[in-house]
Amino acid sequence: MKILSIQSSVAYGHVGNSAAVFPLQRLGHEVWPVSTVVFSNHTGYGAWRGPLLKPDDVAAVVTGIAERGVLGSCDAVLSGYQGGAGIASVILDAVEQVKAANPAATYTCDPVMGNATSGCFVDPAIPPIIRELVVPRADIITPNQFELGFLTDTSPVSLASTLESADLALAMGPSTVLVTSVLFTEGSIGMLAVDGDGAWLVETPRLPMKANGSGDITAALFTAHLHETGSAASALARTASSVFAVLKATLESGERELRLIAAQDAIAHPECEFEVRQVR
């Protein structure tokens, strides 16, 4: 498949497109990365250098791709960290162009806003834009538990309340919701996929680490596997297996940045060793 991926880029480390592109390529997919920022490193370090790209500049790159006459072959648009408030309109315009050229194409929005530990870490103008304008246009959204709560004005903490929040998110427009970083079981961390056919949960051991970029890999892999299999449960099994392998390799290395290269075989050939339970 061919994927237009509009999100951040960093020179050092793996977040945004610098986390999503290689795993997708390792699965055999073509990726057209469009940057929203070009930073030296992710902002979790507290200091970084590089430009926040202007919306017109990001749009110009998309226009250049469109001028090659290839948007009809694009199977999916993926967006993540937006950087500035004006990027949302660029993303939505790109989605509109791709879907006009290929009505079967899907749009995955990773609504990057924050997490339960750090709170909101983006421009305060961005979350309302994502909730009110972007999510309703998405086919797939991949919020973490914190972001799901913001999008639906709820407090998802249990399986039941998270399912209720996911249903509210589905009612906003998307056909599939993948909730990441769900904490239901002591010592485990999970992912919950919900669509019109049901809901599925997979839990993996919770490793003692914080990994910037893990959500970016998750959104990319889930999009690719869902396209390939047509099954949220299968996509969930493959995604969880690969992401856990990357995190485990990172923890064992003692490094701060994700060990994508070291764990690439587990990305290309996920073992699907974790049980996926249908919870609805």
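Trainee: How many aromatic pairs does the structure hold?
Mentor: Rings of Phe, Tyr and Trp (its six-membered ring) pair if their centres lie within 6.5 Å; planes under 30 degrees apart count as stacked, over 60 as edge-to-face and the rest as tilted. This is a predicted model, in which local features need pLDDT of at least 70 and side-chain atom pairs count only at pLDDT 80 or more. Side-chain values use heavy atoms, without hydrogens and water. The number of aromatic pairs in the structure is three.

Trainee: Which kind of pair do the rings of Tyr12 and Tyr45 form?
Mentor: The ring centres of Tyr12 and Tyr45 are 6.4 Å apart. Their planes stand at 55°, so the pair is tilted.

Trainee: Is Tyr45 buried, exposed or partly exposed?
Mentor: Buried means under 20% relative accessible area, exposed over 50%, and partly exposed in between (1.4 Å probe, protein chains only). Tyr45 has a relative accessible area of 31%, so Tyr45 is partly exposed.

Trainee: Which kind of pair do the rings of Phe244 and Phe274 form?
Mentor: The centres of the Phe244 and Phe274 rings lie 5.1 Å apart. Both residues are buried. Their planes are at 75°, so the pair is edge-to-face.

Trainee: Which residue has its charged end over the ring of Tyr45?
Mentor: A charge sits over a ring if NZ of Lys or CZ of Arg is within 6 Å of the ring centre and within 35 degrees of the ring normal. At 3.9 Å from the centre of the Tyr45 ring, the charged end belongs to Arg256.

Notes: Residues numbered from 1 in each chain as written.
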